[in-house]
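Please open the structure in your viewer and keep the selection tool ready.

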Amino acid sequence: VMAGAGLVFFAFIGFDAVSTAAEETKNPQKDLPFAIIASLVVCTVLYLLVAAVMTGIVPYQLLNVPDPMAVALNAIHQNWASAIISVGALAGMTSCLLVFSMGQTRILYTMAKDGFLPNRMAEIHPKFSTPYLNTWVVGWVTGIGAALLPIDILAELCNIGTLFAFTVVCLGVLILRKTQPSVPRPFRCPWGPVIPVLGILSNLYLVTFLPVATWIRFGVWVAVGIAIYYLYGQRRIDARLAEEPVLAEV
């Protein structure tokens with residue numbers, strides 16, 4: 001069950017993507033936390049109800065397929081509903097891909113503004129006011145990855161990366177509240193440090209059930225990211241910091 005939870009966690013990826021649109025939100029301190037928490041609660045309840053219904057219709061062993069809802073509905077001879085669900089699933093996956101793509105373009109945009117990526121990645125389209133170059137890069141990388149890599153490997157890599165990212169966020173909450181207690185916090189994580197500690201433990205627990213091959217791929221990916229950071233990003237940041245006093249005097 002827990003090994004399955006480590007893979008099903010993929011269904012919960014995307015709620016955090018809303019936070020990448022903070023610069024485009026009217027009242028991010030209030031609207032973003034509410035949007036993330038409310039959508040997470042609603043979707044979790046729906047996931048549980050749908051899973052309970054499907055496992056009540058057919059044995060769970062028969063649901064280990066790409067379209068489990070269609071299989072369950074076909075088993076009770078509701079073929080018309082199965083067709084509607086299939087179309088809805090395609091629409092849902094498309095919307096998720098769009099959200100992920102938008103979030104990734106904003107992340108690249110912010111990294112470029114901070115100096116970790118080339119300045120062109122921070123350029124904004126004069127008409128649409130969006131990071132258009134990042135959109136092209138994300139689209140091509142996503143398309144090539146989807147064409148060449150099996151979906152199970154992509155899902156496992158996405159899961160382990162997100163679980164470790166959530167772990168770092170929880171750890172950051174604990175550290176920053178000790179090291180920088182006076183920093184303004186428009187939204188504070190409730191019940192600290194209980195929630196961050198539970199988040200760290202649950203994330204690491206799910207990660208332990210992922211295959212060893214996924215750990216190796218993730219390790220290589222992290223090593224590449226660290227190398228890019230120290231060989232390229234950190235040098236650009238140091239150069240920018242060195243120029244700031246000169247710019248201030250000018």
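**First stop: a buried threonine**

Select threonine 105, which belongs to helix 4, residues 79-114. Helices here are DSSP runs of H or I with at least four residues, strands are runs of E with at least two, and both are numbered from the N terminus. The model is a predicted one, in which local features need pLDDT of at least 70 and side-chain atom pairs count only at pLDDT 80 or more, whereas totals for chains, interfaces and linings use all residues. Residues are numbered from 1 along each chain as its sequence is written, and side-chain values use heavy atoms, with hydrogens and water left out.

Is threonine 105 buried or exposed? Threonine 105 counts as buried because its relative accessibility is 2%. The term buried means under 20% relative accessible area, exposed means over 50%, and partly exposed lies in between (1.4 Å probe, protein chains only).

Now display what surrounds this residue. Apart from neighbours within four places in sequence, threonine 105 is in contact with Pro131, Asn134, Thr135 and Val138; contact means heavy atoms within 4.5 Å. The side chain of threonine 105 also makes a polar contact of 3.0 Å with the side chain of arginine 106. A polar contact is a pair of N or O atoms within 3.5 Å; within protein, one must be able to donate a hydrogen and the other to accept it, and residues adjacent in sequence count only if both atoms are side-chain atoms.

**Second stop: across to helix 5**

Select asparagine 134, which is placed in helix 5. At 0% relative accessibility, asparagine 134 is buried. A polar atom of its side chain lies 3.2 Å from the backbone oxygen of threonine 105. Leaving aside neighbours within four places in sequence, asparagine 134 is in contact with Thr105, Leu108, Tyr109 and Met121.

In soluble globular proteins, nonpolar side chains tend to be buried together. Select Phe9, Ile13, Ile160, Leu163, Leu206, Val207, Leu210 and Phe218: these eight residues form the largest nonpolar core. Such a core is a set of buried Ala, Val, Leu, Ile, Met, Phe, Trp, Tyr and Cys residues joined through side-chain atoms within 4.5 Å. Helix 6 (151-179) and helix 7 (194-207) each supply at least two residues of the largest core. A second, separate core has five residues, among them Leu108, Ala112, Met121 and Val138.

Return to leucine 206. Not counting residues up to four places away in sequence, leucine 206 touches Met2, Ala5, Gly6, Phe9 and Leu163.

Isoleucine 153 is in helix 6 and, at 19% relative accessibility, counts as buried.

**Fifth stop: the surface**

Select Ile37, Val41, Val42, Val45, Leu46, Leu49 and Phe187, which form a nonpolar surface patch with about 630 Å² of accessible area together. One of them, valine 41, is in helix 2, residues 28-57, and is partly exposed at 48% relative accessibility. Patches are made of residues with over 30% relative accessible area and no salt bridge; like charges are joined within 9 Å, and nonpolar side chains (Val, Leu, Ile, Met, Phe, Trp, Tyr) within 5 Å. Accessible areas come from the Shrake-Rupley method with a 1.4 Å probe, and for residues only the protein chains shown count as cover.

How many salt bridges does a search of the whole structure find? The search finds one, and it joins the side chains of glutamate 123 and arginine 120 at 3.7 Å, N to O. A salt bridge is a side-chain nitrogen of Lys or Arg within 4 Å of a carboxyl oxygen of Asp or Glu. Glutamate 123 is partly exposed at 32% relative accessibility, as is arginine 120 at 47%.

Most residues other than glycine have a negative phi. Select histidine 77, which has a positive phi of about 60°. Histidine 77 lies in the loop between helix 3 (68-75) and helix 4 and is exposed, with a relative accessible area of 68%. Serine 129 also has a positive phi, of about 55°. Serine 129 is in the loop between helix 4 and helix 5 (132-148) and is exposed at 54% relative accessibility.

**Last stop: the whole chain**

Finally, display the entire chain, which has eight helices and zero strands. Buried residues make up 20% of its 250 residues.
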